[in-house]
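Please walk me through this structure, one feature at a time. I would like the general idea, then the case here.

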Amino acid sequence: MTVKKILLVDDSETVLQMEQMILQRDHYEVATARDGAEGIAKAREFKPDLILMDVLMPRLDGFAALRQLRQDPQTSAVPIVMVTSKAELESMETGYQIGCSDYIVKPIDGVELIAKVRNLLGE
Amino acid sequence: MNLHHRRNLHEVESSRTADAAERGKFYLHPGQLFVSSEGHTVTTILGSCVAVCLCDPVAKIGGINHFLLPVFNGAGVTSPRFGDCSIKELIRQLLARGCRLHRLQAKIFGGACVLEAFKLRRNHLGESNVSIAEQLLQTAGIPTSSRDVGGQRGRKLIFHTDTGAAWVKAL
């Protein structure tokens, strides 16, 4: 069976570690990036099956990165889940309009994260 | 037959102008539920998640949940993040505020699967969320007067707790 690849984009080391731990326990191959610009570059190189994208990040925020990824034929079809804080939740209307696939709210819950990832990977 | 309440939000805004001043507003986060006997406008954003809106039009009391996963997995404590826990708790809170079970009317929204590749796949998360809502409402004997579920787009839902009116905008 092919191992599915997931790219995690977040400026918080703690969140990245938490996501990584949950996903690697389920045997996904994981790569990380610390802002939107690095996330776009990593997405082109790593060719993930799914991306978890923080909303508020330095250099390039999650929505701007999402917009660029949707415009790039190489990444336009990759499912992208926005990872948002409660304070940013109302902006998720924008996220859907730009083309996110779903969203989860911090603090991250392992059961919810795995359920959404499996769902979007067709597992 | 199921009715679909899908209108342009501009229409909604103008129709709400008259009572906007007296209605409280509440933004419902995923995993929460909200019940009010005072008349609130509740807004929430749905992807694969589902919201069940319940209203007793005689008592003018209503409530809404927003759950992420269909069934509590038994680990940890029960939570409104799970459809089975959330719907039962929503009904319990409405009855505790004076609603009558036989007068409750339900509306179900959400359960999208936003990927083209999976639109024909059965039992995706959104569909499982809708399914548990339908099952539990049927078991409780609560009729569903309206639903806008499935599809490939997220939704912005606006719900009036006192009248049961609901509007959906596809995102």
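Q: Which residues touch the most other members of the largest nonpolar core?
A: A nonpolar core is a set of buried Ala, Val, Leu, Ile, Met, Phe, Trp, Tyr and Cys residues joined through side-chain atoms within 4.5 Å; buried means under 20% relative accessible area, with a 1.4 Å probe and protein chains only. In this predicted model, local features need pLDDT of at least 70, side-chain atom pairs count only at pLDDT 80 or more, totals for chains, interfaces and linings use all residues, and side-chain values use heavy atoms, without hydrogens and water. Residues are numbered from 1 along each chain as its sequence is written, while chains are lettered from A and ligands numbered from 1 in the order in which they are written. The largest core has 29 residues, and Leu7(A), Ile51(A), Met53(A), Met82(A), Met92(A) and Tyr103(A) touch the most other members. Elements giving two or more residues to this core include β1 (5-9), β3 (50-54) and α4 (92-98) of chain A. The largest share, four residues, comes from α3(A).

Q: How many helices and strands does chain B have?
A: Helices (H or I, at least four residues) and strands (E, at least two) are DSSP runs, numbered from the N terminus. Chain B has three helices and nine strands, and 55% of its 171 residues are buried.

Q: In what order do the five strands of the open sheet in chain B lie?
A: Two strands pair if DSSP finds at least two bridges between them. The order is β2-β5-β4-β6-β7 (chain B), with mixed pairing. β2 (33-36) and β7 (144-149) of chain B are at the edges with a single partner strand each, so one side of each has no neighbour in the sheet. Inside this sheet, β4 (residues 50-56) and β5 (residues 61-65) of chain B run antiparallel and are joined by four bridges; Asp56(B) has Ile61(B) in β5(B) as its bridge partner.

Q: Which order has the open sheet of four strands?
A: Its order is β1-β3-β8-β9 (chain B), and the pairing is mixed. Six bridges link β3 (residues 40-46) and β8 (residues 155-160) of chain B, which run antiparallel. Thr43(B) is opposite Ile158(B) in β8(B).

Q: Which residues line the largest cavity?
A: Rolling a probe the size of a water molecule over the atoms shows where empty space is left. On a 1 Å grid over the protein atoms alone, a cavity is a set of points where a 1.4 Å probe fits but cannot get out, and lining residues have an atom within 4 Å of a point. The whole structure has one cavity of 30 Å³ or more. The lining is Ser101(A), Asp102(A), Asn119(A), Leu120(A), Gly47(B), Ser48(B), Ala112(B), Cys113(B) and Val114(B).

Note on methods:
1 Å grid on protein atoms, 1.4 Å probe; cavity = no way out; pocket = protein on both sides within 12 Å on 5 of 7 lines; lining within 4 Å. Points joined across faces, edges and corners; volume = space filled by probe spheres on them. Buried < 20%, exposed > 50% of the residue type's maximum accessible area, 1.4 Å probe, protein only.
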